[in-house]
Amino acid sequence: MRQRFAVMDDESGLTVGYCQDVVGLTGDIMVETYEKVIFEQFVFNEEFIRNIAKTKQSVSNLCIVILNDEEKGIGSYYYHLPESFIIHKLNYNKGNFNLELTGILETKPSPVELRLWEFLKCSQSLENNIWQGFSNEERSGWLNVTRIHSASNHFARPDKRGEVYTLDGEHIFDFTTFFIALGEAINGPGGYFGFSLDSISDCLCGSFGAVGPFTIHWKNAHYFLERFEEEWDREERSYGFSPQQYFMDLLTILVSGGVTVSFSSN
């Protein structure tokens, strides 16, 4: 049976076990002040059982790892147990069972985000621009999912230099779509290269697929300002700065990171 999630002991790095589904990962099952999580059809990992027989008998800090179709980790969520889960022999001889734990989820994915992980489970079939048909909520969720996915592969990507990356401005109309398009241009479908001004500064320091010098060719950049201003007025957002100021701050960060930004109109 193909497993969909792995549960790892954060302290030892060992895989505790595997399960078919995680109910409550969105934090929707509350027990007093804690989040209850149910690991459905959970089975202990034999290697972990062999190790705990010699070393530790309990776990308290877990990583809930989303697996792809090849059963490799593509993203994770941290789960802290206020009381250690004691692993008795009675537990690990059960075979498949529903493991119920109560603790604190450091981050809680929305139901939309959990659904979007399905696109990354078979990354070979992932295509460019799938996000263009998403709703605003789905785009925000997609940016967060790609950020978490990138963190799970943070040391697997060599940084390229001197490349030219093209952004199609017709599909960029706010902060979210800019960063989705940039991540995809640099790192391919489902790629990530920042979600804010601070985070893009971090990405430009290395280990995110590209470091300066490189070039961003931004076609039809005027769409960003025109559409973003329309959205700004329509939703009456109070960011404390204008889209023009954000645009200039973004360019300043890119240039200071060794990026050449060129513009063109079709």
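1. Helix α8, residues 243–256, contains 14 residues and reaches 20 Å from its first C-alpha to its last, close to the 20 Å expected at 1.5 Å a residue. The expected span is 1.5 Å times one less than the number of residues. Helices are DSSP runs of H or I with at least four residues, strands are runs of E with at least two, and both are numbered from the N terminus.

2. The model is predicted: local features need pLDDT of at least 70, side-chain atom pairs count only at pLDDT 80 or more, and totals for chains, interfaces and linings use all residues. Residues are numbered from 1 along each chain as its sequence is written, and side-chain values use heavy atoms, with hydrogens and water left out.

3. Buried residues of α8 are Pro243, Tyr246, Phe247, Leu250, Leu251, Ile253 and Leu254 (buried: under 20% relative accessible area; exposed: over 50%; partly exposed: in between; 1.4 Å probe, protein chains only). Thr252, Val255 and Ser256 are exposed, on the face turned away from the buried side of α8. Just after α8, glycine 258 has a positive phi of about 85°.

4. An open sheet of 3 strands runs in the order β9-β10-β11 with parallel pairing (two strands pair if DSSP finds at least two bridges between them). β9 (164–168) and β11 (259–264) are at the edges with a single partner strand each, so one side of each has no neighbour in the sheet.

5. Strand β10, residues 214–219, pairs with β11 in the parallel sense over 6 bridges. Isoleucine 216 stands opposite valine 261 in β11.
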